[in-house]
Protein chains: 2
Amino acid sequence: MENIYCSIITIGDELLIGQTIDTNSAWIAQQLNPIGVQVKRRVAVGDNKEDIINALNEEQKHSKIILLTGGLGPTNDDLTKPILCDYFESTLVMNEAVLKHVTSFFERRKRPMLAINNNQALVPNNCVVLFNEVGTAPGLLFEKDDKLIIALPGVPFEMQYLVSTRVLSIISKKYITPNFIHRTLITAGEGESFVANRLIEFEKTLPQNIKLAYLPKLGLLKLRLTGTETSAAEIDEYFNTLKSILANIFVADQDIELEAQIGILLNEKNKTLSVAESCTGGHIAAKITSIKGSSLYFKGGIVPYSIESKENMLGVNTHTIETTTVVSEATALEMAQNCLQKFNTDYALSITGYLEKNDHENQVWIAFANKSTCIAKMITVPYDREKNTVLTVNSALNLLRLFIIENP
Amino acid sequence: MENIYCSIITIGDELLIGQTIDTNSAWIAQQLNPIGVQVKRRVAVGDNKEDIINALNEEQKHSKIILLTGGLGPTNDDLTKPILCDYFESTLVMNEAVLKHVTSFFERRKRPMLAINNNQALVPNNCVVLFNEVGTAPGLLFEKDDKLIIALPGVPFEMQYLVSTRVLSIISKKYITPNFIHRTLITAGEGESFVANRLIEFEKTLPQNIKLAYLPKLGLLKLRLTGTETSAAEIDEYFNTLKSILANIFVADQDIELEAQIGILLNEKNKTLSVAESCTGGHIAAKITSIKGSSLYFKGGIVPYSIESKENMLGVNTHTIETTTVVSEATALEMAQNCLQKFNTDYALSITGYLEKNDHENQVWIAFANKSTCIAKMITVPYDREKNTVLTVNSALNLLRLFIIENP
């Protein structure tokens, strides 16, 4: 079966001077994969006619489907629509349905409609208009021989709306696609090269159509098996072997964030959680509350960033801090115990440490408490402030997950 | 003067199935711009020989400098080094300096050295080896006619180390580059199309070599002027006009995050801050503590995610919550006042609201307190949980900035 490839062209000078990080492409790729479409190339070009036309021409050599994002807005630096008009020899026509939608869009927001917003309803006469319920710039779909060229807004939630509601079904109807299966294993506590060393024999057993990829994160390692034209049973067999080889460092057998796993565990057990995090400054609470429904099990957190607030808000003993310092096993244990009591939860997590880069490796103490047990673990963090924060958050969430499993 | 263009090729299947977001390219672009090198195109391709070679060939048509990242690691899915060897007809030779470094890298970490780690010291015989002090995979630099092809590790801090210490100076020595100047203005409180409408006449006055770009964020709008072969004085003149037109929505005249601006203000005034954030779940505290030195002015935060913790930990009156609900002006005001007292700070910020998508626009109350004043503002958030969080955080930080300025 023929592979159906897609190229994603993102348009915008901001992508090339590094002012904006492209998150759209990753999201699009995640949606295309399940319908059997492979992203072959992702290309970012500037707000420049020649570069956009070049990219359009080049990507058609690689892919049947070309998705463009960005440059559909109402301002002068938005070039995608006029360029596509030229490219497909279109004339612009006023689309009454889009005009009505744009007008009511501004009415509902009680904002005056401007002349440039009218232009949003001007569309090429030879394309399919992808009606944008959640914004003012519609998507534009052109068919050329057996190829699809689709322009979408760059605003992420507008692009996402159009891909979900229109683009995926149009692609599925037009092409017959092969099947792809991915399986992701998450591990923690062992570096990429050590894991690779343990998998030398396993990798030799993999057939041509199943590939293994290593995706290291700070404190975590993701391993991904990808099968082409395989069966779920075949890939599961290899995946289960992988799981059993790496059982001692196993975290999860799907690509699910640690905070989501913790949420599932707490919901299953009907237990609650609170956190007292000093050096991570709110990142742990932010991760936990990023999960929909987390208010069912997360009662709250405190960021006692000063010694005073550790004492006054969290009730850590002044004597403990004076005798063992603020970054110590004893301080971490007291923080976790007091957090558990003050928020009246079943589990509590505490963190205290230094994350700023130093001439030596910094220590971070992480403690876990429930009504009967309180333990602390020390990790060292060798990077800069930002990376040490990520490493500490990932390590703490994984240790919390293990504490909840081991202390039900 | 000839423009010096760079193409960035990022290599990895994880980029094409959407498992990883490419942050390397944006960082690289930020470093190249000040030395007068423009990123012309960014291309992501999979772990696949044909696609990597294609990209290498194609990008040399567009750019003098080709930077590749990724695929230099020790595992079997790391293809960049063998492919470059083929491409440049190299033979692999053991580099004793790299081998010594890799060996001591593992010794310092008290980890056994594996056979596959030895391979890190095998380098093509016809390239310049970019010694990697912070990791085990060296960078590889090939010269071909007037072009530079440079392969770097994909691990962000290793790539960053090599670009900062080696790549930038090599490029600066080899090419004479034109000069670019960017000026960024940040505004808040008015949508992209309204700002564009106010700037129609201004845009007409811009000369050919100065471009204006609109970069909308949730709750913020960045405007960027880019001048090519211009003087600081010339671009400043246009920038000052832009500033004066948009004075009423002005936030900052450089691309500096709101949390950094707040830090500067508090340090100047020698004042302290605490936060009580419910629905934003720790994101505000995480932003504030992401700034180096924030412990000088940030005393701490609380995430009172449950009604119980709003009452017990923050001392919000049960009566207030019962009569006005948990998302109300009165609750927000009490949260800010109590936060100020409990953390004993000069300023306090509080947030309470619903961020989960609803059938109507959600309300969020944000309050600000100092010793003499306490005010609350209401914003509406129309998106999903994730976007509403970003919108609320941006809005709250900007309002806090204004409150500090207006209430010294």
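## Reading domains, chains and helices

Mentor: Let's start with the layout: chain A is divided into domain 1 (4–174), domain 2 (184–252) and domain 3 (258–406), with bounds from an automatic or database domain assignment. This is a predicted model, where local features need pLDDT of at least 70, side-chain atom pairs count only at pLDDT 80 or more, and totals for chains, interfaces and linings use all residues. Residues are numbered from 1 along each chain as its sequence is written, while chains are lettered from A and ligands numbered from 1 in the order in which they are written.

Trainee: How many residues of domain 2 of chain A are in contact with domain 3 of chain A?

Mentor: Two residues are in contact if their C-beta atoms, placed from the backbone, lie within 7 Å. Here, seven residues of domain 2 of chain A touch seven residues of domain 3 of chain A. The C-alpha centres of these two domains lie 30 Å apart.

Trainee: How many residues does each chain bring to the contact between chains A and B?

Mentor: Chain B gives 71 residues and chain A gives 70 residues.

Trainee: And how do I read the angle between helix 2 and helix 7 of chain A?

Mentor: Helices are DSSP runs (H or I, at least four residues), numbered from the N terminus. Axes are lines fitted to C-alpha atoms, for helices over the stretch in contact, and angles run from 0 to 180 degrees between N-to-C directions. The axes of helix 2 (residues 24–32) and helix 7 (residues 156–174) of chain A come within 11 Å and cross at roughly 20°. Angles under 35 degrees count as roughly parallel, so helix 2 of chain A and helix 7 of chain A are roughly parallel to each other. Among the residues making this contact are A:W27 of helix 2 and A:M159 of helix 7.

Notes:
Helix = DSSP H or I, 4+ residues; strand = E, 2+ residues; numbered from the N terminus. Parallel < 35°, antiparallel > 145°, perpendicular 65-115°, else oblique.
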